[in-house]
Amino acid sequence: MQTVMALVDGAERIAVLTGAGVSAESGVPTFRGEDGLWKNHRAEELAHPETFSREPHLVWEFYNWRRSLLSKCKPNRAHHALAALEAHASSMLLMTQNVDGLHHMAGSHNVIEMHGNIWRVKCTRCTYLAEDYSELPELPKCPSCGDLLRPDVVWFGEQLEPGTLHSCVEAAAHADIFMTVGTSGIVQPAASLADLAKRHGAVTVEINLDPTPNSGLVDFSLQGKAADILDKLIP
Ligand code: BV8
Ligand code: ZN
């Protein structure tokens, strides 16, 4: 821990990748933990364009359930520690797989939301796109063309915005230190950023409650709760 603290303190360029585990202590269910099921459906099944075109009601019920749950969640110590790190570091990029917006709420500015944001909706037909924190109807319709709205998130089988992925790859390739926090390291392409960072010479650190496929690859694997470890790690 001491070594990692010194490395974080002395690093010029820091890149951090977060996953659902960083929001767990805010009461947000993770994807693959025991709380990862919703009405016996797995998130991978519901966060999918084919499920949406077949059963838009079910997918919107899932997202409206998550939005109402998230509306009561606040950033936790892990989010605040990462915001403090950004203020302290000379250059830091926070890439998150989470769609909950809690990093922004905690005061992080240089954030890339790789998988979009659950508080934004977009039209399935026209270019309508807007932030909407209201309680949405079962099948929200586009105010400009009347067609069905969808959450502005990246579903499984959908490509990330090319610009977004390029910025994440660049940040990982040029980082002095690359940290993953609270991610099971399963979802691609986010999961391969740690290996890419390592191959380009970054010191790699994993902070996670459980071991992941990346645990054997990183230089330091710190097992435990993100909030507890980050509180100690960040000056
Ligand atoms: C794409 C938005 C290509 C929606 C999400 C290569 C190999 C294998 C598969 C693929 C591949 N390339 C593509 C795929 C398919 C797929 C994929 O990766 N599937 C997985 C399941 C194998 N990837 C895609 O489809 C991606 N698209 O690659 O496109 C393409 C190319 C050409 C043409 C078309 C397509 C798109 C992936 C994005 C999917 N969208 N979310 C929504 O949120 O509703 S992903 C979803 O999973 C969330 O964003 C979530 O954040 C993310 C990752 O999960 P984690 O964050 O890691 O969460 P998880 O629950 O798994 O783990 C939490 C961890 O926290 C645990 O390890 C736990 O121990 C730990 N923890 C818990 N509490 C704490 C804690 N740690 C610390 N402290 C605590 N307190
Ligand atoms: Zn429209």
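This is a guided tour of a predicted model, to be followed selection by selection in the viewer.

**Domains**

Begin by colouring residues 2-28, 75-115 and 160-233 as domain 1, and residues 33-71 and 125-153 as domain 2, which is how the protein is divided. The contact between them draws on five residues from domain 1 and five residues from domain 2. About 400 Å² is buried between domain 1 and domain 2, and carbon and sulfur atoms give 71% of that area. On the domain 1 side, select Val28, Val99 and His115, which supply 67% of the area that this domain buries against domain 2, more than any other three residues.

**The zinc site**

Next, select the zinc ion (ligand 2) and show the side chains of Cys123, Cys126, Cys142 and Cys145, whose SG atoms coordinate the ion at 2.3 to 2.4 Å. The angles among the four donor atoms run from 99 to 121 degrees, and the site is tetrahedral. For comparison, the ideal angle for four tetrahedral donors is 109.5 degrees. Along the chain, the donors follow the spacing C-x2-C-x15-C-x2-C. Is Cys142 buried or exposed? Its relative accessibility is 5%, so Cys142 counts as buried, whereas Cys145, at 27%, counts as partly exposed.

**The nonpolar cores**

Now turn to the largest nonpolar core, which has 26 residues, and select Ile14, Val16, Leu82, Met92, Ile207, Leu230 and Leu233, the members with the most contacts inside it. Two or more residues of this core come from each of helix H1 (2-10), strand S1 (13-18), helix H5 (77-88), strand S4 (91-96), strand S9 (177-181), strand S10 (203-208) and helix H9 (226-233). The largest share, five residues, is given by H9.

**Met114**

Move on to Met114, in the loop between strand S5 (111-113) and strand S6 (116-123). With a relative accessible area of 1%, which is under the 20% cut-off, Met114 is buried. Which residues does Met114 touch, not counting those up to four places away in sequence? Its partners are Leu17, Met95, Thr96, Gln97, Val154, Leu160, Thr164, Cys168, Ala190 and Leu193. A distance drawn from the C-alpha of Met114 to that of Pro140, 26 residues apart in sequence, comes to 24 Å.

**The loop between S9 and H8**

Finally, select Gly185, which is placed in the loop between S9 and helix H8 (193-199). Gly185 has a relative accessible area of 13% and is therefore buried. Not counting residues up to four places away in sequence, Gly185 touches Ala191, Pro213 and Asn214. Gly185 and Pro211 are also 26 residues apart along the chain, and their C-alpha atoms are separated by 9.5 Å. Pro189 is found in the loop between S9 and H8 as well, and the peptide bond that joins Gln188 and Pro189 is cis, with omega about 0 degrees. In general, most peptide bonds are trans.

Definitions and conventions
Residues are numbered from 1 along each chain as its sequence is written. Chains are lettered from A and ligands numbered from 1 in the order in which they are written. This is a predicted model: local features need pLDDT of at least 70, side-chain atom pairs count only at pLDDT 80 or more; totals for chains, interfaces and linings use all residues. Side-chain values use heavy atoms; hydrogens and water are left out. Donors are N, O and S atoms within 2.8 Å of the metal (3.2 Å for Na, K and Ca); water is not among the atoms, so sites may look incomplete. Four donors count as tetrahedral if all angles lie between 85 and 135 degrees; four count as square planar and six as octahedral if opposite donors are over 155 degrees apart and all others between 65 and 115; anything else is irregular. Buried means under 20% relative accessible area, exposed over 50%, partly exposed in between (1.4 Å probe, protein chains only). A nonpolar core is a set of buried Ala, Val, Leu, Ile, Met, Phe, Trp, Tyr and Cys residues joined through side-chain atoms within 4.5 Å. Helices (H or I, at least four residues) and strands (E, at least two) are DSSP runs, numbered from the N terminus. Domain bounds come from an automatic or database domain assignment. Contact means heavy atoms within 4.5 Å. Buried area is the accessible area (1.4 Å probe) that two parts lose on being put together, summed over both.
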